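Please open the model in your viewer and keep the sequence panel beside it.

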Amino acid sequence: MYVAVKGGERAIERSWDLLAVNRRGDDTFPELSVDQIREQLRLAVARVMTEGSVYDEELAALAIKQAAGDLVEAIFLLRAYRTTLPRFGYTVPLDTEAMRVERRISAAFKDIPGGQVLGGTYDYTQRLLDFSLLAEGGSRTTSASAASPAASQQEAMPRVLSLLDKEGLIEQEKMHADAPEPGDLSREPLMFPVGRPVRLQNLARADEGFLLAVGYATQRGYAHSHPFAGEIRYGEVAVELEIEELGFAVEIGDIDITECQMINQFAGSGEVPPTFTQGYGLAFGHSERKAMAMALVDRALRAQELGETVSSPTQDPEFVLYHSDNVEASGFVQHLKLPHYVDFQSELELLRRLRAGIEKEAQHEHEAHEEQQAQPEPSEENAA
Amino acid sequence: MLPDKLSSNLHGADAAGIDLTTLTPGFDDTVHDSQGVFRALLDALSRPGKIVSIDAVLPDLEQDGSSVAAHVPMAAFAALLALADYSTPVLLQHEHRGLSDALRFHTGAPLTHDHAQAVFAYLHDAGSMPPLDAFSLGDPETPEDAAMLFIRVDSLTEGTSMSWRGPGIRDSHAVRLTGVPASFWQERALLASQFPCGIDCYFMHGGSVIGLPRTTRVEVT
């Protein structure tokens, strides 16, 4: 039986219509606006921007609306849109040390220059459903002063890790003048062996759930990882672009990012004394879970370069990097929904033939056995 | 990854010097015109030897009287406008202020003198073009990194008579081109053994173009 994969255009168009109806839901309720999603579902927007690799809150919110809240689908939409954008240039590296911080904590040191800034966090909420949100307009609005800390009064906030660096207790990435330009996964395929810049790019675009699970696994023993959250900061940084005509960098805008530096032990090697090492995480918007998980996985993937024993898939770049992208993963898993009639038919045919062969053999054996039984056993006397 | 690598080889970097009063205009409708040109170029490369017209897209250019229109076949200018961008270094065989300004302004493409670095090259005079293997042929793993050449010729219907065979051609196709030296065909034939690496070319005259992909076997008759 062969069913050709053709036609179905009208069915597909009807399916789009149904999708639109389903997305809208009960139209006795007002329609959700993109602005509402952008402002009130900002953590979803941050995730879609991060994994979609486009910093644009409005487009991310639109993608979330179009995908009816399916964030992986929204990420796919944004990635697809991204491929149509022309490229104007490359920004200079972000200076996260100059971040206008909204939240900044260290789990390694209590007193840090610039201070700990708790900011808004779910960390110390009691996870009790707030039924006041059920009533429309019932949410508590805080005063403006509490909501926005006076950024101008902020004192300088050097990185926490620089405290350790002063004592030479932590390895630091040094800038090499002749270092090759970092690769770009959105233009070149992933090739192994893969350097840390490309690994970090892959992890920055990686599925948050996947990174969380792999990061968790490293903590539970599937990598020799003993991390401390050296510093997590969230806030606004300036983006600068070198303009060829001007010959210097100018600020073209600000973006919100979350940065995480994990501190991990390192036993040392023949040449290097025991020291602390880093795992690094960076994400658009307020995405602490993602940035932390990324930092854990980054550190685990450094096992080989640091000469540690690679004993688990969490330390294997091929395993982690090839399976981290949710657009690819979702596509390959969901392609199983497409017609595989011919493939399956051939497997079915093969299975039937194998079973027929085995049955035939069994039949022969059975018959042979019966024949044997039908013959009289040679008696001892006859044998003698 | 491009900017630092390229900056040392950039010329025309005095972009502030682009004279906007004499700048040759680009596409009216960037998206759709680019798509139209891309489609025509794809068609030409899929059917080697077939003369494909890109006239429809830049009809005003010929009447524009600009220096670019006088210097460059319209098909080549349209192809560069459609394909070149920030990440594709372009090599121009001869310096031409109007053309380099227009490319830099409309596409943002960096200009290069380094043949190996060029993603696209416009060769105004096939007779004095550098050897083919001076350009990037790509690697076996990334044959798409090979350079693409736009070669101006005096005629697409007269001149050296050839028979082209290969993918996209039923049996063989008779092609005539003027101004392409014999050395070009010899060098190209030598590259055949390096497939999938190789060089794809377009021959351009006015608003018309003939595509010659690396897979085509050329016999001069």
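Begin with chain A as a whole: of its contacts with a separation of 6 or more, 65% are between residues 24 or more positions apart, where a contact means C-beta atoms, placed from the backbone, within 7 Å. This is a predicted model, in which local features need pLDDT of at least 70 and side-chain atom pairs count only at pLDDT 80 or more, while totals for chains, interfaces and linings use all residues. Residues are numbered from 1 along each chain as its sequence is written, and chains are lettered from A and ligands numbered from 1 in the order in which they are written.

Switch to a cartoon view, and chain A shows 14 helices and 4 strands, these being DSSP runs (H or I, at least four residues, for helices; E, at least two, for strands) numbered from the N terminus. Chain A has a radius of gyration of 30 Å, well over the 21 Å that the globule rule gives for 384 residues, so it is more spread out than a compact globule; the radius is taken over C-alpha atoms, and the rule is 2.2 Å times the number of residues to the power 0.38.

Next, select residues 196-205 (helix α8) and residues 288-301 (helix α10) of chain A, whose axes come within 10 Å and cross at roughly 150°, with axes fitted to C-alpha atoms over the stretch in contact and angles running from 0 to 180 degrees between N-to-C directions. α8(A) and α10(A) are therefore roughly antiparallel, a term for angles over 145 degrees. Show side chains for the contact: A:Arg199, A:Leu200, A:Leu203 and A:Ala204 come from α8(A), and A:Met294, A:Val297, A:Asp298 and A:Leu301 from α10(A).

Conventions. Contact = placed C-beta atoms within 7 Å. Parallel < 35°, antiparallel > 145°, perpendicular 65-115°, else oblique.
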